Amino acid sequence: MLLSEMSAEHHNLLLHNDVTWLSKGKALERFCGLREEIITYLRGSKQKKAETHLSCILNDNFMADACFLSDIFKHLNDLNLGLQGRDKTVIDLVEQMRAFQVKLDLLANDLSTGRMLHFPTLRKCISSPTQITDVMTGFIAMLKNNFAGRLDGLDLPTELAVFVRDPFTVAIEGDLSARAKKLVPSIDEGKFTLELVDMQSSVTMAQELSTNGPAMFWTDVNKNQFPNIKKVAIVMLSMFGSTYTCESSFSHMNSIKSNSRCSLTLHQCLRIALTTYEPKVTALVQNKKMALLPLSQQGNCSLQYINIMWDA
């Protein structure tokens, strides 16, 4: 009620939920944004714990730590969101992780110089760069070590990633075929190079890549004509890199299996919710209409139905 009366930007506080991902960063962001309103509320509260909370929120060091965490969780949340979504290949995920490791170096340098370009909430909270503590810089250093340790065994050759994204611009010379052989030992290294030359000589296939994208392009590539290079591309594109699809299926299941829809068959509803297939509704309806017509009238509609199906 107080937030509404004060015309605050937000009308409630967010709570952290272990089940709901990203909620920790959102809760901190909301808390820092409503600091003045929270102080007003605590000063007017008669509860015993209000005084303890008020002393914390009025402490500059406490709020500096909270604002720092709000900014750093914002960067982590952005990374997390970048790793989610359909059609994310392992190449996309590795690029995101490598980019974030470089960003951690920028964040550490940003704190050490006191500019705080990437810490807007912290910059508004503190009055001097001297309030940047060793705990903050140590936290960034721990993050860097943590990511380096987690990604130590992740080896995805850059040359192969470029090859899958755009095989028409990759250099044939060099160790591309050797790296491909290391990834997929069953391919013939010599034939891999020759097939790549044939593909790069095709103008039509280059246009198909720009139109359909790498995933659809490699799916449509003739396996008999380019068996070796297609095998390498498919291995790269089919690497399982995210649990997004699995998590989204649980979200759909919770929406489908509600109290008002508990009688529906879950299996079929989940398939409809998760598929990317788009049915040709016009053609399907016309087909049903023809099935209901008498046999004497179906012949008159056959040409119209064929035209509809052709357009679909």
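What covers the buried residues of α6? The cover includes α5, α7, α8, α9 (158-165) and α14 (227-237). Buried means under 20% relative accessible area, exposed over 50%, and partly exposed in between (1.4 Å probe, protein chains only).

The model is predicted: local features need pLDDT of at least 70, side-chain atom pairs count only at pLDDT 80 or more, and totals for chains, interfaces and linings use all residues. Residues are numbered from 1 along each chain as its sequence is written, and side-chain values use heavy atoms, with hydrogens and water left out.

Start with the whole chain. The chain has 18 helices and 0 strands. Helices (H or I, at least four residues) and strands (E, at least two) are DSSP runs, numbered from the N terminus. Of the 312 residues in the chain, 33% are buried. Contact means heavy atoms within 4.5 Å. Among contacts with a separation of 6 or more, 58% are between residues 24 or more positions apart.

Now return to α6. Its 24 residues should span 34 Å at 1.5 Å a residue, and the end C-alpha atoms are 35 Å apart, which agrees. The expected span is 1.5 Å times one less than the number of residues in the helix. The buried residues of α6 are V90, I91, L93, V94, M97, F100, L104, L107, D110 and L111. Just after α6, G114 takes a positive phi of about 80°.

Not counting residues up to four places away in sequence, L122 touches A64, C67, F68, D71, L111, M116 and M136. In soluble globular proteins, nonpolar side chains tend to be buried together.

I132 sits in the loop between α7 and α8. I132 is buried, with a relative accessible area of 14%. Beyond its neighbours within four places in sequence, I132 is in contact with L111, G114, M116, I126 and T137.

Next, the largest pocket. On a 1 Å grid over the protein atoms alone, a pocket is an open set of points where a 1.4 Å probe fits, with protein on both sides within 12 Å along at least five of seven lines; lining residues have an atom within 4 Å of a point. The largest pocket holds about 350 Å³ of space. Its lining has 16 residues, and C32, D71, P120, T121 and K124 are the closest to its centre. α5 gives the most to this lining, with 6 residues. α2 (23-33), α3 (35-44), α5 (60-82) and α7 (120-125) each supply at least two. A volume is the space filled by probe spheres set on the points, which are joined across faces, edges and corners.

Last, E247 lies in helix α15 (residues 244-256). E247 is partly exposed, with a relative accessible area of 38%. The C-alpha atoms of E247 and Q84, 163 residues apart along the chain, are separated by 10.0 Å.
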